[in-house]
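Please walk me through this structure, one feature after another. I would like to learn how to read each one.

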Amino acid sequence: NTSLQGKTFAHNWSPNGVLTDLKHWFGRMSTPTHFFNQAGFHPDGTVTHHKSDNASDVALVAYGFEWMTSNTEAAKYYKNTPFEMNDEGLQFVSDRINYSYRRLIYKKSIDFLVTGRSFFSDLSNFGSKDIKNTIDNLIEAKNSSTIISNESELLSLKSNLINGTHTHTETTSFWNADYLMHRKESANDNYYFSVKNKSVRTSGAEDFDKIRKSWHAGSGPFLLRVTGDEYNPTIDKDAINGT
């Protein structure tokens with residue numbers, strides 16, 4: 001069905017056996033989006049896992065992180081076989097970590113406004129645990145001829161996350177997500193702030209509770225972090241700054 005082009009992970013797919021099918025699917029994790037209301041990876045570095053009223057959410061942890069990293073977890077078992085992952089798939093994961101997650105992890109924790117359904121989880125060790133493990137899997141999955149162009153940057157990021165020395169100074173607009181991040185880190189000045197808005201194209205985090213804890217997670221909150229632990233799983237999300 002040509003009308004599904006760019007809208008589904010399963011376009012032109014049919015079963016061909018376990019090994020072949022697994023190879024196909026872990027090589028499709030990097031499917032890009034062509035529309036806001038489509039699950040997949042946006043060109044601004046964010047990922048949406050589903051739509052609501054033609055608006056996309058932002059799911060850089062659940063479920064987007066799992067989509068992105070499942071291929072590296074599987075790929076290492078296919079290494080040096082006819083089914084191994086191509087260099088493009090490994091490079092995609094490396095690029096997403098090096099661009100998106102590098103900017104969003106502050107003092108080992110990631111901004112909960114863009115973590116999808118994980119907004120109410122303990123993400124205080126996301127950098128030193130989840131990102132570190134992904135980088136390990138990525139390096140293990142590559143064979144002797146594989147070239148990951150920014151491998152040295154990844155290894156440096158991993159080391160800094162483990163040691164608690166990761167810093168980044170920049171302003172980045174994730175335009176597909178209506179989300180702005182600004183941070184400055186130096187010897188005497190360390191802070192991180194972000195602003196997330198809703199629009200006709202974007203929504204807040206997914207939430208199934210009758211009283212929606214995430215209701216304001218996309219409607220103009222302004223988050224400021226200095227110590228890095230200002231927001232935790234027990235915070236009252238109805239009192240988010242700026243809502």
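**Reading the model**

A: The secondary structure of this protein chain comes to 5 helices and 10 strands. Helices (H or I, at least four residues) and strands (E, at least two) are DSSP runs, numbered from the N terminus. This is a predicted model, where local features need pLDDT of at least 70, side-chain atom pairs count only at pLDDT 80 or more, and totals for chains, interfaces and linings use all residues. Residues are numbered from 1 along each chain as its sequence is written, and side-chain values use heavy atoms, with hydrogens and water left out.

Q: What share of the residues in the protein chain is buried?

A: Buried means under 20% relative accessible area, exposed over 50%, and partly exposed in between (1.4 Å probe, protein chains only). Here, buried residues make up 45% of the 243 residues. The chain exposes about 12000 Å², by the Shrake-Rupley method with a 1.4 Å probe. Carbon and sulfur atoms supply 52% of that area.

Q: Among contacts between residues at least 6 apart in sequence, how many join residues at least 24 apart?

A: Contact means heavy atoms within 4.5 Å. Among contacts in this chain between residues at least 6 apart, 58% join residues at least 24 apart.

Q: At what angle do H3 and H4 pack?

A: Start with the axes: they are lines fitted to C-alpha atoms, for helices over the stretch in contact, and angles run from 0 to 180 degrees between N-to-C directions. Under 35 degrees counts as roughly parallel, over 145 as roughly antiparallel, 65 to 115 as roughly perpendicular, and the rest as oblique. Helix H3 (residues 87-104) meets helix H4 (residues 126-141) at about 155°, with the axes 10 Å apart. H3 and H4 are therefore roughly antiparallel.

Q: Which residues make the contact of H3 and H4?

A: H3 brings Leu-90, Val-93, Ser-94, Ile-97 and Tyr-101. H4 brings Phe-126, Ile-131, Thr-134, Ile-135, Leu-138 and Ala-141. They divide into 9 nonpolar, 2 polar and no charged. For that count, Ala, Val, Leu, Ile, Met, Phe, Trp, Tyr, Cys and Pro are nonpolar, Asp, Glu, Lys and Arg are charged, and the others, Gly among them, are polar.

Q: How are H3 and H5 set against each other?

A: Helix H5 (residues 151-163) packs on H3 at about 45°, with axes 10 Å apart. The pair is therefore oblique. The contact uses Ser-94, Ile-97, Asn-98 and Arg-102 of H3, and Glu-153, Leu-154 and Leu-157 of H5. Those residues split into 3 nonpolar, 2 polar and 2 charged.

Q: Which peptide bond is cis?

A: Look at omega. The bond from Ala-62 to Tyr-63 is cis, with omega near 5°. Tyr-63 sits in the loop between strand S4 (55-56) and helix H2 (64-75).

Q: Where does Lys-107 lie, and is Lys-107 buried or partly exposed?

A: Find the loop between strand S5 (105-106) and strand S6 (109-110). Lys-107 is partly exposed, at 41% relative accessible area. Its phi is near 55°, a positive value in a residue other than glycine.

Q: What is phi of Asp-178?

A: Phi of Asp-178 is also positive, near 55°. Asp-178 is in the loop between strand S7 (170-174) and strand S8 (179-185). At 18% relative accessibility, Asp-178 counts as buried.

Q: How far apart are Pro-221 and Asn-197?

A: Compare sequence with space. Pro-221 and Asn-197 are 24 residues apart in sequence and 7.2 Å apart in space, C-alpha to C-alpha. Pro-221 lies between strand S9 (190-196) and strand S10 (222-225), in the loop. At 0% relative accessibility, Pro-221 is buried.
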